[in-house]
Amino acid sequence: MKIAMVGLGRMGANMVRRLMKGGHQCVVSDRDPKAVEKLAGEGAIGASSLEDLVKKLEAPRAVWVMVPAGEPTESTVKQLGALLSKGDIIIDGGNSMFKDDARRAKELEPKGIRYVDAGTSGGVWGIDRGYCLMVGGQTEAVKHLEPIFTTLAPGIGTIERTPGRKPDQGTAEKGWLHCGPPGAGHFVKMIHNGIEYGMMQAYAEGLDIMRGASSKNLAPEIQYDLNLGDITELWRRGSVVTSWLLDLTAMALQEDPKLERYTGYVNDSGEGRWTVQAAIEEAVPAEVLTSALYTRFRSRQEHTFAEKVLSAMREKFGGHTEKKG
């Protein structure tokens with residue numbers, strides 16, 4: 001089918017390439033004319049503006065928005081809302097807040113424009129591996145876009161079917177799922193990212209403990225000089241902690257065993273924060289996910305004021321001075 005892609009960053013451009021490889025026709029737009037020109041050279045239809053992009057589509061039009069969450073997405077959806085017509089579909093594939101999706105869907109309802117949110121996981125590897133898609137929106141709109149989701153998704157591949165699951169049980173095993181009404185897709189993706197924070201933190205802490213096993217402060221008989229690259233490679237094969245995150249960790253340690261090119265400054269995309277906020281709103285305890293988020297905040301400071309307060313108290317009540325160096 002024919003679909004437009006607005007935003008040709010690493011994710012958007014690669015999604016266009018995967019769609020074209022799957023036989024779909026893509027109209028593309030980006031603030032950078034060179035990005036449009038590059039994909040046009042690969043077979044896409046270039047558009048000079050959103051107005052031009054809409055003109056190059058046939059009803060019912062489908063426009064996938066793949067720009068940064070927040071104001072860039074907000075302004076793009078508003079512009080498209082003014083250009084599109086009844087029956088057309090806007091898909092937000094970025095990392096939007098699910099509440100914004102629900103609001104935008106309502107705002108577009110009077111004009112008859114359908115809004116679909118697609119939480120997209122796969123990163124820079126998605127062009128080859130496929131993208132895991134968590135979709136929210138009106139059932140008819142999602143059904144219309146099924147060929148697009150099927151092409152972008154990984155498919156069943158070599159992963160064994162879950163015991164007891166039947167072939168006609170839905171699209172989840174194909175790598176995409178209609179999760180519910182507008183906002184549901186990004187809600188599920190938000191929780192996915194919150195869980196990702198926790199998993200990453202568990203791997204990071206475990207590896208740090210093993211790295212510390214060679215400390216001279218330990219008794220000689222329990223000092224271990226462990227090869228973390230070999231251990232992560234080992235765990236990839238048959239252990240219960242196997243995951244793609246572990247695969248990527250093993251890759252990083254193979255390339256740089258001491259991770260010397262990293263500073264340890266860890267950003268967060270915002271979805272971890274939204275996950276914690278959702279947990280608070282629902283009164284659901286989420287200690288691991290919250291702790292993982294706070295650790296990312298901690299990574300951005302050499303020493304926190306709180307740590308200074310702790311040091312000062314230790315000095316005052318016990319005469320403990322700070323260890324230098």
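**Exercise 1. Determine the handedness of the crossing of helix 10 and helix 11, and describe their packing.**

Step 1. The crossing of helix 10 and helix 11 is left-handed; a crossing has this hand if the near helix is turned anticlockwise from the far one by less than a right angle, and is right-handed if clockwise. The model is predicted: local features need pLDDT of at least 70, side-chain atom pairs count only at pLDDT 80 or more, and totals for chains, interfaces and linings use all residues. Residues are numbered from 1 along each chain as its sequence is written, and side-chain values use heavy atoms, with hydrogens and water left out.

Step 2. Helix 10 (residues 228–235) and helix 11 (residues 244–255) pack at about 155 degrees, with axes 9 Å apart. This makes helix 10 roughly antiparallel to helix 11 (angles over 145 degrees count as roughly antiparallel, under 35 as roughly parallel, 65 to 115 as roughly perpendicular and the rest as oblique).

Step 3. From helix 10, Leu228, Gly229, Thr232, Glu233 and Trp235 meet Leu246, Thr249, Ala250 and Leu253 of helix 11 (contact means heavy atoms within 4.5 Å). The residues of this contact divide into 5 nonpolar, 3 polar and 1 charged.

**Exercise 2. Work out how helix 9 packs on helix 11.**

Step 1. The crossing of helix 9 and helix 11 is right-handed.

Step 2. Glu196, Met199, Met200, Tyr203 and Leu207 in helix 9 meet Leu245, Leu246 and Thr249 in helix 11. The contact of helix 9 with helix 11 has 6 nonpolar residues, 1 polar and 1 charged.

**Exercise 3. Give the strand order of the open sheet of 8 strands, and find which strands stand at the edges.**

Step 1. The order is 3-2-1-4-5-6-7-8, with mixed pairing.

Step 2. Strand 3 (45–46) and strand 8 (176–180) are at the edges; each has a single partner strand, so one side of each lacks a neighbour in the sheet.

Step 3. Strand 1 (residues 2–6) pairs with strand 2 (residues 25–29) in the parallel sense over 5 bridges (strands pair if DSSP finds at least two bridges between them). Valine 6 has serine 29 in strand 2 as its bridge partner.

**Exercise 4. Check the length of helix 14 (residues 305–318).**

Step 1. At 1.5 Å a residue, its 14 residues should span 20 Å (the expected span is 1.5 Å times one less than the number of residues).

Step 2. The end C-alpha atoms of helix 14 are 20 Å apart, which agrees.

Step 3. Glycine 319 follows helix 14, with a positive phi near 70 degrees.

Terms used. Axes are lines fitted to C-alpha atoms, for helices over the stretch in contact, and angles run from 0 to 180 degrees between N-to-C directions. Helices (H or I, at least four residues) and strands (E, at least two) are DSSP runs, numbered from the N terminus. Ala, Val, Leu, Ile, Met, Phe, Trp, Tyr, Cys and Pro count as nonpolar, Asp, Glu, Lys and Arg as charged, and the others, Gly among them, as polar.
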